[in-house]
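Subject: Structure handover and notes

Dear colleague,

I am passing on the structure that I have been looking at, and below it you will find my notes. Please read them with the structure open beside you.

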Amino acid sequence: MTNPLSPTPFSRRTLLRGTGAALLAGGLGACAPGNTTGSNPLPSAGVTKPPSGEITIWDRTGDLYKVFDKAIASFTAKYPQVKVNHLAVDVNAKLPATLISGAGVPDGAFYDDALLTGVAPHLHDLSQLIEQYKSDIAPYKLGVVTVDGKVIAVPWDLDPGLLFYREDVVTRAGVDPASLTTYDALLDAARTVRDKSPAARPIHLENDQFLGQLWVDMFANQQGGAMIDADGKLTIDSAPYRTALTWLDKVRSEGLGTLAKYTQPTDLQTQDNGTQVFVPWAQWFVFTPQQLLKTSKGKWRATTLPAWQAGGARAGVMGGSSFVIPAKAKNPELAWRLYEHLVFSKEGYTTVYGPNQVYPGGLNTSIPSYLPALDPDTPLFKPIGALGGQDLWKIAVEAGKQAPGGYTIPTWWGKAVDYFGVNVQKLLAGQLTPDEVLKTSATQIQKNLMGPS
Amino acid sequence: MATLTEAATTRRSARPVRRRRVSAAPYLFVAPFILVFAAFSAYPILFALQLSFTNWHGAGALEIVGLANYQFLLTSPDFWQSMATSGALWLLVVPAQVLLALTIAVALRKARFRGLFSAALIAPFVTPLVAMAQVWIILFDKDFGAVNHGLTSLGLPAISWLTSGVWAKVTIALLVLWRTTGYAVILLMAGLSSIPSDVYEAARIDGAGAWHQFWSITVPLVTRTLSFVVVIGTLTVFQLFAEPYVVTGGGPFNETRTAGLYLYKHITNSDLGLGAANSMLLVVMVLALSIASIRLLRSREDS
């Protein structure tokens, strides 16, 4: 009879050999690089079979998650055979690592447009599916979700730049808001406001390197510029950027700007106390007077951006998000069906933007990028109390439709923040001239981000 | 020559083969640790080492680029700036932390309510960092922060705590000190409690004053604990990520982009080969700094 506790004898050499083999096998196996090709193919555009199955969808934490939760419910009500595991995740932080590791990859995720190109190799090519909607997507947005000729995300929102201003302060200073049609006129208005109130630093100057780059990009985009041209050639050292930076430098050197990071204490306090009066920013600035400002709530208004030259474009775009379907998604077809419902069906985009429990007046921080949804006379969200009851929908739609197209985000946009974003920060601190910013940034980007490596 | 070889072979084969048999039990007992260590420590390190010689971006085939990543980093001003930032923070944090922690630990050695003080000291360490970082931003705001309000009411000039490169480092260092000093105090209190009281008694009989006792007894006998505090402090500073990420985002002008934050940027940019090479360089530097610190303290202990 064998003792069950007696150990099975084997040699030390056998043990070491076995361990070594296991480690080697594990090591080699695990060293195999990730696969970019989705194992589950997407359907062709013509598939009509009712969808069924289970998907995992990631959305940004916070109110937006709650809004999408309701919108997803409208999808599952339409397709009861589908179960959606809707998760609130810090998507920007978690998605890149998840896509690389391939573990726990969601079927779809909400993701910042500015960061899209960085994860492009890990996403499904949606070109064929999007084809039928292409002519109905805002040209700017279509450019943003297209990388190397492939559509890599379902375009979600459009974030037109607008000029937000303190109506009470501006009027008290004797400035007619309707006169703010050019950036030179805005500069004059800022001087007038400061003459009336010497403590005023009327124009916002963004001091965060990431947002600063996004902000200057909006000014350049308004003039039809971008960091690269359609052939991928670096075009940062060009007139649109020079014009924008020269203007910002003038604001700084004349002491007309409040240098602050978006929604940080200095920013909020100066907006509330009336020393910061003009904020040229994306539509999503409207969140600030609604949620963060106290005494100035209701005193803010919005208008289209001033033009860089009289009669020029009054719109640019700053930020935005889209929906991505990872190449390693288990059920990409269902994810596409969900996003198709949210973006391209009236029921979907109305559920997201229309009045709901989270936003009783509707979601007003952006507008859809789907052009049929942008009817100025059929607003999706209501006039905004924090803007004195102003109908922001009409202004945003007008601006959104004007946003110049043909914009391309370079794959290294996020990495360029360390160079261009930081150099803009130095300009606003008076350490670099506009020319130095452009020449230094162009050299740094060419060497570190576009070089042979 | 051939004859000698044959003879040796004959002698070897004539000896009875004795294969040492060993029990599997000890190996089975340590197997869980070995497996976990292999999966979560050895393998990631080896894989990172392998990655550091490639230009892998998380997808596609691994393309070997030799030492190119190391060459890029070692000649990159950005890399050296991040190392210099971490070095500056090390100088701001570690010596101050050791001094503060030792002073507090000695002061608390015979204090009443030691348990209460210990709990209070460890509180910052367990407080969610992101929440505290947000408080820091509000406290140190140049125009509306409480700290500058205090300074100006004393007739001192307001400081650009978060918008000047030098002061932003100080602000981050203060947050790190606030968060981690309590933990160092707890460690040193444990070290102090292991010093026999009769050593102090003998010193007192010999006429040694409090200061003399501190330098001649306390400090030498807690040197090992101090070494540990220094190593932990060094690791903390060189891996520092969350504090600059939340408080300054690495700015202004990348002046608070620590080695940890610079490494994180490679990962989020999907530059995994570069990130792995950066990790390896960081390991070497942290190891060198830790060993140098320990040697320095040990030499004092020996003398």
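At what angle do helix α9 (residues 209-222) of chain A and helix α16 (residues 413-428) of chain A pack, and how far apart are their axes? Please bear in mind that this is a predicted model. In it, the two helices pack at an angle of about 90 degrees, and their axes lie 8 Å apart. Because angles of 65 to 115 degrees count as roughly perpendicular, α9(A) is described as roughly perpendicular to α16(A). On the α9(A) side the residues that meet the partner helix are A:Gln209, A:Phe210, A:Gln213, A:Leu214, A:Val216 and A:Asp217, and those they meet in α16(A) include A:Trp413, A:Ala416, A:Val417 and A:Phe420. Sorted by class, this contact has nine nonpolar, four polar and one charged residues.

The crossing of α2(A) and α13(A) is right-handed. From α2(A) the contact is made by A:Phe68, A:Ala71, A:Ile72, A:Ser74, A:Phe75 and A:Lys78, while α13(A) brings A:Leu334, A:Arg337, A:Leu338, A:His341 and A:Leu342. By class, seven residues of this contact between α2(A) and α13(A) are nonpolar, two are polar and two are charged.

Next comes a single residue. A:Ser322 has its place in strand β14 (residues 321-324) of chain A, and with a relative accessible area of 0% A:Ser322 is buried. The side chain of A:Ser322 makes a polar contact, at 2.8 Å, with the side chain of A:Asp113. Leaving aside residues up to four places away in sequence, A:Ser322 touches a set of residues that includes A:Phe110, A:Tyr111, A:Leu116, A:Lys141 and A:Trp156, as well as A:Asp113 itself.

Finally, in chain B, helix α13 (residues 259-268) is mostly covered, seven of its 10 residues being buried. These buried residues of α13(B) are B:Ala259, B:Gly260, B:Leu261, B:Tyr262, B:Leu263, B:Lys265 and B:His266. After α13(B) comes B:Ser270, whose phi is positive, near 65 degrees.

With best wishes

Conventions. Residues are numbered from 1 along each chain as its sequence is written. Chains are lettered from A and ligands numbered from 1 in the order in which they are written. This is a predicted model: local features need pLDDT of at least 70, side-chain atom pairs count only at pLDDT 80 or more; totals for chains, interfaces and linings use all residues. Side-chain values use heavy atoms; hydrogens and water are left out. A crossing is left-handed if the near helix is turned anticlockwise from the far one by less than a right angle, and right-handed if clockwise. Helices (H or I, at least four residues) and strands (E, at least two) are DSSP runs, numbered from the N terminus. Contact means heavy atoms within 4.5 Å. Ala, Val, Leu, Ile, Met, Phe, Trp, Tyr, Cys and Pro count as nonpolar, Asp, Glu, Lys and Arg as charged, and the others, Gly among them, as polar. Buried means under 20% relative accessible area, exposed over 50%, partly exposed in between (1.4 Å probe, protein chains only). A polar contact is a pair of N or O atoms within 3.5 Å; within protein, one must be able to donate a hydrogen and the other to accept it, and residues adjacent in sequence count only if both atoms are side-chain atoms. Axes are lines fitted to C-alpha atoms, for helices over the stretch in contact, and angles run from 0 to 180 degrees between N-to-C directions. Angles under 35 degrees count as roughly parallel, over 145 as roughly antiparallel, 65 to 115 as roughly perpendicular and the rest as oblique.
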